[in-house]
Amino acid sequence: MRKKQAVILCGLLLSILLFSFVENKYFLITDKDVELHVPNGFPKPVYKFKNNRLTPEKFMLGRMLFNDPILSKDSTTSCASCHQRIAAFGHIDHTLSHGIYGMIGKRNVPALQNLIWKDAFMWDGSIAHLEQQSIGPMTNPIEMDETMPHVISKLKANKDYVERFRLAFGDTDVTAERLLKSLTQFVGLMISANSRYDKYINGTDTFNASEKNGLSLFRANCSSCHKEPLFTDNTYRNNGLVPDTALKDKGRGGVSAVASDNYKFKVPSLRNVEMTYPYMHDGRFRKLRDVLNHYDNKEKHYKGADKAITKISKLSDHDKVDIIAFLLTLTDKTFLYDRRFVDPFMK
Amino acid sequence: MATLWVVMSFCVPVGNGQLSIQIDHYVGQKVMELDTVYYRNALGQQFTVTKFKYYISNLSLQSVAGKTVKLDEYFLINEEEPVSKRFDWANIPEGAYSDISFVLGVDSVHNLTGLQTGALDPINAMFWTWNTGYIFLKLEGKSPASTSSGNIFEYHIGGFKAPANSIRTITLHFSKPLIISNNGTHLLHLKADALEVLQGPTTIDFSKLSSVTDAHNAPMVANNYMDMFSVIDDAK
């Protein structure tokens with residue numbers, strides 16, 4: 001009897017041990033995990049981690065910071081509050097971004113993926129460098145409403161973070177530069193390039209007839225702006241949406257002060273578009289179908305719509321079904337379920 | 001002539017001196033005091049100043065002989081931190097100088113090359129949240145004329161791409177040449193008048209424009225403050 005108890009106890013202990021080992025391994029980031037691989041067919045990255053060499057410790061620090069509400073003024077909102085992993089780091093089913101104190105922003109949360117191929121960030125391209133990008137949401141009063149000195153003082157007061165900064169940078173100095181570079185490592189490695197589309201291009205998967213037809217329709221009508229393989233050409237365009245009179249958002253024009261840039265917004269990538277609904281800079285469309293209908297209804301387009309949009313041919317219902325079937329092949333489960341990006345606070 | 005200069009510089013070792021630059025902040029005729037002192041703008045509207053800080057960079061000295069000496073360094077001048085209002089420029093070749101130039105702001109290279117440290121560290125809160133890059137100058141205060149919540153006004157000026165380019169190069173001419181002597185330290189005393197941010201060419205009415213934090217109005221304010229600096233002649 002006693003022997004049996006001992007066996008059960010041993011078994012229990014062993015499983016706890018095993019579980020914690022597995023758990024740690026799940027969250028552990030190795031040198032291999034932070035290797036940068038430029039996917040087949042992708043151009044050279046704009047951001048090359050120069051002066052910010054990728055290391056597991058910096059990446060893990062960035063992962064912690066990304067998921068920690070400590071970066072917001074009232075410690076309620078983290079980057080991950082709005083950038084959800086399962087939505088390719090967009091905000092699923094939220095038209096406009098939510099800030100602290102329940103405030104509503106004026107734009108739809110963009111997905112975070114393939115950022116190192118971008119030369120500017122935000123819907124209006126207002127931020128010109130990946131390392132500087134997170135200063136925006138952290139300090140914007142309607143997002144996280146923090147100040148850099150206050151964030152740094154909070155992190156300095158946190159022994160765990162001081163230790164993490166030491167592990168990542170060699171000494172216990174907690175600086176804005178280190179904070180931002182760590183975040184850059186975490187978001188910079190968010191690379192989506194293993195969707196069914198990618199496998200089809202690489203010859204390791206096949207498309208059905210509908211998906212194939214969708215791809216050729218896409219190439220004929222959409223790909224001049226949503227350029228493969230990134231599915232964006234990183235330009236700003238007026239896509240014919242009637243401006244929202246409440247939001248009064250001039251888009252790129254608000255940054256450049258050039259009148260012809262008014263109502264232009266950055267062409268978003270369509271990778272993982274299945275998961276990033278609702279769509280458009282103000283999240284006005286809930287379904288891909290609504291988006292295609294918008295491009296199809298040219299008579300309803302706002303003045304100054306981009307020439308590329310006016311050239312889109314009339315789409316039949318069948319065409320739309322096929323284009324959507326193709327767009328769904330851009331869902332990249334390897335990326336969406338990548339353990340490296342899982343919230344470490346779930347540990 | 002150029003050859004002669006080269007030969008001479010080989011033969012005669014040219015010494016170096018130091019320039020110490022001190023900037024005093026004024027609001028019109030009055031010395032700037034944060035929070036406590038009331039000033040009046042050109043429209044007679046009363047106001048206090050709560051914040052005044054700006055970047056100086058790309059300093060250069062023009063010698064009487066037509067040569068230029070440059071300093072690749074950024075300085076964040078902040079009324080709140082008196083020590084920031086004085087900085088040194090070492091290793092200036094001895095000689096007579098007629099003009100000093102500097103950029104009020106952060107050039108496009110430093111805006112576009114990622115994180116910076118020192119004066120340009122993002123912790124200095126001189127970084128735009130919803131617009132591109134560094135803020136070059138911040139003037140904040142309170143005026144009963146402002147209709148903003150708390151009667152505040154805030155002018156955050158930045159932007160480095162035309163037409164929203166607020167980078168301004170300021171050149172000041174010395175009434176008599178500034179002499180840098182070998183191993184010597186010369187004090188250059190400058191005055192920065194914050195009232196000039198609010199006037200000339202465009203008079204800012206606190207009741208109509210209490211906030212500039214966007215690309216559209218920033219160059220207008222930059223054109224105002226272009227003439228806010230002058231040389232104080234201590235000999236007088």
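Predicted model: local features only at pLDDT ≥ 70, side-chain atom pairs only at ≥ 80, totals over all residues.

Trainee: Which residues of helix H7 of chain A are buried, and what makes a residue buried?
Mentor: The buried ones in H7(A), residues 159–169, are Tyr161(A), Arg164(A) and Phe165(A). A residue is called buried if 20 or more other C-beta atoms lie within 10 Å of its own, so each of these three meets that cut-off.

Trainee: How do you know that the buried residues of H7(A) line one face?
Mentor: Viewed down the axis of H7(A), they fall within an arc of 100°, so they line one face of the helix.

Trainee: What is exposed on the other side of H7(A)?
Mentor: Lys159(A) and Glu163(A) are exposed there.

Trainee: What do the buried residues of H7(A) pack against?
Mentor: They pack against three helices of chain A: H2 (56–67), H6 (148–156) and H8 (176–188). After H7(A) comes Gly170(A), with a positive phi near 95°.

Trainee: Why are H10(A) and H14(A) called roughly perpendicular?
Mentor: Helix H10 (209–221) and helix H14 (317–327) of chain A pack at an angle of about 95°. Angles of 65 to 115 degrees count as roughly perpendicular, so the pair gets that name. Their axes are 7 Å apart.

Trainee: Which residues make that contact, and how do they divide by class?
Mentor: H10(A) contributes residues including Leu215(A), Leu217(A) and Phe218(A), and H14(A) residues including Val321(A), Ile323(A) and Phe326(A). The contact has 7 nonpolar, 3 polar and 3 charged residues.

Trainee: Where are the domain bounds of chain A?
Mentor: Domain 1 covers 32–192 + 336–346, and domain 2 covers 196–331. The C-alpha centres of the two lie 26 Å apart. Their contact takes 28 residues from domain 1 and 27 residues from domain 2. On the domain 1 side, 11 are nonpolar, 11 polar and 6 charged.

Trainee: What makes residues of chain A and chain B count as in contact, and how many do?
Mentor: Two residues are in contact if their C-beta atoms lie within 7 Å. By that rule, 24 residues of chain A are in contact with 21 residues of chain B. H8(A) supplies the largest share of the chain A side, 4 residues. By class, that side has 11 nonpolar, 10 polar and 3 charged residues.

Key
Residues numbered from 1 in each chain as written. Chains lettered and ligands numbered in written order. Buried ≥ 20, exposed ≤ 12 C-beta atoms within 10 Å, placed from the backbone. Helix = DSSP H or I, 4+ residues; strand = E, 2+ residues; numbered from the N terminus. Arc of directions from axis to C-beta. Domains from an automatic or database assignment. Nonpolar A, V, L, I, M, F, W, Y, C, P; charged D, E, K, R; others polar. Axes fitted to C-alpha atoms, helices over the stretch in contact; angles between N-to-C directions. Parallel < 35°, antiparallel > 145°, perpendicular 65-115°, else oblique.
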